[in-house]
Amino acid sequence: MGHPIVKLATSGVQALRPYAPGKPLTELEREYGIVDAVKLASNENPLGPSPQVLQALRSGFDDLARYPDGNGFTLKAALAGKHTVAADCITLGNGSNDVLELVARAFLSPGSSAVFSAHAFAVYPLVTQAIGAQANVAAAHDGSTGPRYGHNLDAMLKAIDADTRVVFIANPNNPTGTWLDSAALRAFVDAVPQNIIVVIDEAYFEYVSEPDYPDTMAWLPDFPNLLVTRTFSKAYGLASLRVGYGVSRSGLADVLNRVRQPFNVNSLAQAGAVAALEDEDHLHKSVRANQAGMQQLVDGVQALGLSYIPSVGNFLPVDIGRDSGEVYEELLREGVIVRPVDNYGMPGYLRISIGLPEENQRFLQALDKVLAA
Ligand SMILES: *Cc1c(COP(=O)(O)O)cnc(C)c1O
């Protein structure tokens, strides 16, 4: 669209619609002249990172002139210990988005296809489209045989064709908050031919306490084509540092590391991530705060007579029952940023990230006011 230079781009890039991030607080404050706005739009940890992370970052200031360790030795060693895998099974990314993109770059091409669910995380269609590969989008559950909007694994299996090279699964998924249990997901991975890469994106892993939630890392010995991705952006509270990773067998990690930029994770991010892993108390505190905040939001939206999709993440998809774009705009005027998800094929829904108790309260009061008007 627009400038003629766009026509010089590859056809995949020409058709690309860029990722629409949550509105930054500073932007709302600039545009609306609001001073005490609240952002519940990007699934960030409202407690912020562990204090130990801040200390690690300060010590990193002395070395800013040096390139980072391109192999991420210390962080990989810490992750290898945590997951009881060898360090060469780990791929570090500038956020786990980076790892998803490495998968696309290494395994997709024009003429091949990627399979993912409708209403799945927006980065899967993006990285697929950027390559010019085909997206085989499987219909989600309609509510009859699984949670409405949740991944339908039977439909995903059927969406695999001879050209499919990658399958993306978010567990739990964002923005739906739905999740897949161990037996169902394992049966799916078993059924996918091993010449297809299966990516299981576990960005919200730390928040999930369901007993049937899968331990996918334990499956790695059986699947050379399996990649599990995790991130420090959500429960660890390091979204701005941009650090995530994939765990797989070493063969797959070798391929991904070939296309990785040599210094994709900066020194501060590496040091911060190592410190974050060491502070398990802060992680548990964050998870408990999320559980309490989730209950507060669920109670609050129910009291307003609204329905929602039960979520195991740090966000709640709420059915506003009317044009969510309008309600989103009116909430902005009240100084509350949430996330409209009509671009995910969920018109009428807003996704609310769990915040601090007073932030959740601000949202509920603003929503009450907006819906009453
Ligand atoms: C937030 C999120 C990510 C993580 O993104 P980062 O690049 O690690 O910040 C990955 N997958 C899903 C489903 C997410 O919601």
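In this predicted model, a side-chain N or O atom of Asp-201 lies 2.6 Å from a nitrogen atom of the ligand, a polar contact being a pair of N or O atoms within 3.5 Å. Taken alone, the ligand exposes 390 Å², of which the protein buries 94%; accessible areas come from the Shrake-Rupley method with a 1.4 Å probe. Local features require pLDDT of at least 70 and side-chain atom pairs count only at pLDDT 80 or more, whereas totals for chains, interfaces and linings use all residues. Residues are numbered from 1 along each chain as its sequence is written, and side-chain values use heavy atoms, with hydrogens and water left out.

Asn-174 places a polar side-chain atom 2.7 Å from a ligand oxygen, while for Asn-97 a backbone N or O atom lies 3.0 Å from an oxygen atom of the ligand. The residues surrounding the ligand (those with a heavy atom within 4 Å of it) include Gly-95, Ser-96, Phe-121, Tyr-204, Lys-234 and Arg-242. By class, this shell holds three nonpolar, six polar and three charged residues; Ala, Val, Leu, Ile, Met, Phe, Trp, Tyr, Cys and Pro count as nonpolar, Asp, Glu, Lys and Arg as charged, and the others, Gly among them, as polar.

A pocket is an open set of points on a 1 Å grid over the protein atoms alone, where a 1.4 Å probe fits, with protein on both sides within 12 Å along at least five of seven lines; lining residues have an atom within 4 Å of a point. Of its 38 lining residues, the closest to the centre are Tyr-19, Asn-97, Phe-121, Lys-234 and Arg-242. The lining comprises 16 nonpolar, twelve polar and ten charged residues. Its largest share, six residues, comes from α5; α5 (96–107) and α6 (123–131) each supply at least two.

The loop between β5 (164–170) and α8 (182–191) contains Pro-172, joined to Asn-171 by a cis peptide bond with omega of about -5 degrees. Pro-175 lies in the loop between β5 and α8, and a cis peptide bond with omega of about 15 degrees joins Pro-175 to Asn-174. Helices (H or I, at least four residues) and strands (E, at least two) are DSSP runs, numbered from the N terminus.

Key: Polar contact = N/O pair within 3.5 Å; in protein donor to acceptor, adjacent residues only side chain to side chain.
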